[in-house]
Structure formats: C-alpha cells, structure tokens
Amino acid sequence: MAFTLAGYVDVYVDGGPDVEGFNLYVWNGSDWAPVYVIYQPQFIDTYLVATGQWVSMPYYNMSRYIFRIPREVRGPPQIPHGFEKWVLEVDNGTKKVAITLAVGRDHLRRGNITLVTWKALGREEIKTPSKGRISRPMPPRKWPENSATNGDAGTASYAVSTYTTIYPIGSLYFKPVAVAGAFSVYLPVDSPTNEVVRCGLNNMHWVGFEVQDFTVGVKVEGYVTGGYVTLEFYNLDTCALISSVSLALPNYGSYWTNIQTNLPQDNKIGLRIKVSGRAELASISVYTATRYKKTVNSLAQIAISKAISAPTPSITASGRYKVGVLYGPYVAYDGLATTPTGSSYSSIYVPPSTVSLTWHWQYCPMLLVEYYINGVYYESTLISPVSGINTDYQCRYNVPSKTLQIKPRDFAMSKATSQGGGISVSVVYMAFGSSVTISFSNRLQILYDRWLEPFHSRYIDYGTGLPYLEWGALLLYNTLQILGPINNTSVNILTEIRARTGELVISLAHNQMDPSFHICGAEWVITAPVDSQAAYIYYDGSSVQEPWWSSMGRRVLDAVDWLLTFAQGDRATMASIGVKVVYDVISAATPQVSITSSNGVYTIRWIRGWADPIPSTVVLRLMRASVPATSPAYAEWRYFREGRPSVLGCILSPFYYVVNTNMYLPPRSLSSNSLGSQLVWSWRGQTNLISEVIIS
C-alpha cells in the first residue's frame, strides 16, 4: 500500500528502540531509500556552573525521534540479506498504515553511492500528525558488540592495564570550505605544521594503523542541492587508493552517520575528504571521529585527563517543572580508551546534593533525578524525602553521589557534531513548578584514560625493547582542566604535562586577563625528577614557535563552540570561558621559577614578575634528572594550585586541587633504529612525531 505525501513524511516515535548505530531503509517501489532520524529534544532551564547563567538546554533520551521517510513507500519484495525486518505502524489521524523497515549496521548502495541513515539532534520540537510505533523481531537479534556506537554501557573499571585490547576514539581535523555555484573541492587539513601533502597529494590527513570505523558528521550552512561528501582512503605505504565512500549530502543542517570500513590493519592509512554539488552560497564542515583497535603493551602508551569543577554555589529556581545543573564544557581530549562492549575507561564523580522543595501539600513527593552526559540521557533515580510529612512547607532530599562513565557513543557524537567536541555532565531535578534550592557539597570530577600514540600496537623500538614511541618528540601525558565560578568570576584553567627523553614541559593557559583578578602564579607538585637548576619559562609573544602551544587553547575553544551549538543563552558570556589561542611564545626574563624537592616529591612554582605583562599562556621547560635509561619512569601528578594578585603581591591559594594521576614518562635513551622520515600531526596537537619504524 502506498503512503504518499509531498516530499516526505515526518513520523513521530515515542518510546522507540535505540537506533543509534543502525541504518534504516524503506522500499520506494523501485529501490531501497534511507530514512533520516531526528532525535527530539526536551528543553529544560539549566544553570551553567561555568558562567553562572540560566540557559534553555535541549536534552535527549534517544527514544523520542522523528523518522523522515521518503514521500512514497511500498511493501518490499524481500528484506536484504543481513538486515532485520521492523514494522513501523503509522497513524496520522485519518488512516493507518504499516511501513516495512530494513534495519542493520551495514550499508546499502545505489551505484557508487553508499546509502546511510543520517541522524541529527533536533534543535526544536517537530510537529507532525503522524505518530508511529515500532514492532521488531522478538527476541531481537544480538548485534555484534564491537561498535563504538553501541548505546549500552557495560562494565569497565578505571584504569587500563597492560595487555588489554582497547578501542580509542579520536578526531580528524579538517577546515570548513565556502562554496558557490557548481563545486567539487577537497577540505583542507587543519594542521598548524602545514604538512598535509603525502604521496604527492594535497589535503591528506594522517589516520594511522588499526583503523576500525568512523563517525562522520556534516554541517551545511546555506543550502546545497545534488551534494555529495566523498571519503577517499589511501595506503600511505604504497600511495594506492584503497577505497572511497560517497554519501549523499544533506541539503542543510547538521547530521552524522556511522561508516563501517574494511581497511588494512598493518598499513598507514590516509584520508582525503571531497565535497561536491551546487549551491548559491554555503559553508560545509565535515567532522570525523575515528575508532581504532589497540593492544596496550606498556602503560607508557596510556595518558590521563582530568577535569574538576570549582565549588558550585547554592542554586535557587522557581516556576520551573524541571531544573538542570550543567558542568562543563570540558575538553574532549582525543584517544578516549573504550571497550568492545560500549563502555570506556573513565569515571565521572557527581557530588552529593541537597534539595529543598517548597511544597504546600501534606505529603512530600518522591524526587526524580536524571543524569545526562553531553545532553544524552544516562540514568535516573528516585529519592525519598528526609521526612515524608511536610511540616514547614519544605520537602528536603539528600541526593547521594553518583559515579558515571563516558559512553563511546556520546563521545563520538560530540566529535561528529562540532570540531573537537566536548564533555558536559548535567543533573536534572524534578521541581514540579515550585521553588527549589539545590546545593552541592563537593566538586564534580571527570577522569579518563587516553591512548597516546598513533602507531601500530606491535611496533617495537629495538633500542629499548618497548612498544615504539618517538621518545624524542614531546608527547602529551597528563592534563587538568578546572572550570567554574570562583569569586563570582568565570575561570577556566587548562594545564598540561608533556615529556620526552630529556625534558618535562608544563604548560598553563587561562581566560582571566583582568589586572585585579588574573592568574599571577601557579604551583605543581609531582614526583617526576627534574633538575632544580635548569628551568626555562616562556610567555605568549612573537618569538618561539611551537604548534602545540596554539592547540592547547584551541581545544578549549572546541569545547565552548560545541556547547554553543546547543545552548540558547547569552552567547558572549558563554564564550568568555574560552582560553586565548596563542600561536607563538617568547622567552620571559623576570618571572620567578623555583623547584624544591623532598623525599622524591618535586614542587615547581611560578610567580609572574611585577613588571611582566599578564600572560594567557605560560610554558615551563624543565630538564629531567635521575631517570632510568631504558624503561618508562613512573611518576605522579599530585596537586595543583593557582595564585591571585593582592596588595602583598601574588599569593598562592591555600586550597590545593587534588590531581592524583599517574604517568609513565619516556626512557632517557633513544633507539638508533628510529628513522626520521614520516611527519605525523594527529589529534589536535597531542602527537607531533617524526618516525619510521618496522613491525617486529
């Protein structure tokens, strides 16, 4: 039976199965056509801890969505092999119809075009008279669990151990292109080193080894007709084109899809992205999150990122049915270590809270508390009141702490909807339209393991006998981001530790340039041995160029830009938490840098000179000492604190941020077998290597 509307029909499904990671098709009478999926938002007034402002934020439970179906649908002759038959029962108020869906993780093709289901996070509720209900085979087929898009988080304990197989996820960075008229153009690689020519081809992005699959996002600003996005995969060892995947480009808006690939695991892979079509005037961005399969042979291949919120003030709201509290956006560092069962090596500590609800009835209600990561529903819980009987028009609740994990699906989705993505955590409380006061007794913390290097799991450095790393290059190990209001001023601090064979480099970036309220000093407490007599300091300026310095600030802007795609608040206030992007730094002569040690614990302290300009970026180069020659050295980053100006000068805070993360620093010796021929720029400046090695 035909079901025809002009153009397409939108069918609203509530309480449907999770379709993320699936492709859905309908039969149009002559061919299979893909279905678009638009997840429907629930807008909740949300308090942003980072800025102290209220915004209307969309939240998604992934079971409410719109199926955008081609205008004519007929019963298919048969379901394609490897796909399941689902039935969408549609009622538009005047008639009912059953539509057959072919559902699977594989893709169908039409000629040289790969047909995929594009998905989007809706920015507004789509109104449609057509309501749908899905019937699927019972019991449903158990799909393979080795997909980064799996929705259910399994059990994974933090942290990664040796000989574990992990599935890291990281972004590939391309710049947007402006197009007009008929166009066919390759997207430029976003690399500050400008090393984008490989195999004689321009705009080639290094991808690496052991590539599994991709989450690809597109953003079309303007309107494009007859558009395609083509991904070209190359073997960089032979400079041969392996395969290409062409996808029909949405006319406008932001969408993502998942691409399964079959690429050689033991070869270096490169990627070029081409967009083509016709437009009067448009801008096209393509965001790509890549999933790899790696075996951890040494903990030196694993790094750790941590984020901490500043103290959360007491929050009061009234007249709202639900109230949200959002922490973030935090940097989504590339290389998140995930498992084959849809979980990750991560830990999100949500602090306990107390809730006071104004209530005019005798008995206090149960309190519904929901948790969201990146705006996507994670779980909920019901909290009983401290006292069931209301005696003073106040119902009080003690909400215990909660530990969550970053789901690979949500992490990849953030990276497919904006350059670099971000991480946010929201706690939503049922307020019943009454006055509510929410207080947190601690800080939110996020901790996760990252894969460090882009090479093959089996690569061995014969000089050390360890898994290969180009130890002579600066590799990004531990990171700490502190984001939240301090003294009613939004402060965003990002500090990172890099290391190579002979150096330890500590960097600090922040967003506070106010002469009366800026970062004038800092202190790091670590156990990595450094030379107390050799310290060099750099500020932002125009002299010494290192690409990763600019990437440090760029990562924060990635996270801010990502949240700005959702939030409907004061964008200028939200953007104020961004850290200045510094492309060059210059040697600073007058600041004080001191290094003291006691019982293997080293305290590094920087204080800005009184005559120095206020720097947004500070870089300390320290010489390593007393490190074993041929093995990674275990070290800890224990504490961090910042300094503020006062009438007595720069005073370090009496409060220490407890970091407590470990790192395995590179050995002091270099392998003589390392040949410098391949420059790799990967993961927003986390890795910048020169290497050529062989498989053992």
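**Stop 1: a hairpin and its neighbours**

Select the hairpin of β19 and β20: 4 residues lie between the strands, and among them look at Cys239, which takes a positive phi near 60 degrees. This is a predicted model, in which local features need pLDDT of at least 70 and side-chain atom pairs count only at pLDDT 80 or more, while totals for chains, interfaces and linings use all residues. Residues are numbered from 1 along each chain as its sequence is written, and side-chain values use heavy atoms, with hydrogens and water left out.

Strands here are DSSP runs of E with at least two residues, and helices are runs of H or I with at least four, numbered from the N terminus. Two strands pair if DSSP finds at least two bridges between them.

Tyr234 stands opposite Leu241 in β20.

Which way does β11 run against β20, parallel or antiparallel? The two are parallel, joined by 2 bridges, with β20 covering residues 240-248. Thr114 is opposite Leu247 of β20.

**Stop 2: an open sheet and a helix**

Next, colour β6, β5, β26, β33, β29 and β30: in that order, these 6 strands form an open sheet with mixed pairing. Its edge strands, each pairing on one side only, are β6 (53-59) and β30 (376-383). Neighbouring strands of this sheet are turned by 30 degrees against each other on average, direction ignored. Axes are lines fitted to C-alpha atoms, for helices over the stretch in contact, and angles run from 0 to 180 degrees between N-to-C directions.

Within the sheet, select residues 367-373 (β29) and 423-430 (β33), which pair in the antiparallel sense over 5 bridges. Glu370 has Val428 in β33 as its bridge partner.

Then show residues 547-564, helix α2, which lies across β6, β26 (322-330) and β33 and runs at about 150 degrees to β26. Contact means heavy atoms within 4.5 Å.

Stay with β26 and zoom in on Pro329, which is found in this strand. Gly328 and Pro329 are joined by a cis peptide bond, with omega about 10 degrees. Most residues other than glycine have a negative phi, and most peptide bonds are trans.

**Stop 3: a covered strand**

Move to residues 617-624, strand β48, where 7 of the 8 residues are buried. Buried means under 20% relative accessible area, exposed over 50%, and partly exposed in between (1.4 Å probe, protein chains only). Residues 503-510 form β40, which pairs with β48 in the antiparallel sense over 7 bridges. The bridge partner of Leu504 in β48 is Leu622.

**Stop 4**

Select Asn203 in the loop between β16 (177-186) and β17 (205-208). Asn203 is not a glycine, yet it has a positive phi of about 60 degrees. Is Asn203 buried or exposed? Asn203 counts as buried because its relative accessibility is 14%.

Tyr393, in the loop between β30 and β31 (394-399), is likewise not a glycine and has a positive phi of about 65 degrees. Tyr393 counts as exposed, at 52% relative accessibility.

Finish at Val97 in strand β9 (residues 96-104). Val97 has a relative accessible area of 9% and is therefore buried. From Val97 to Val87, 10 residues apart in sequence, the C-alpha to C-alpha distance is 10.0 Å.
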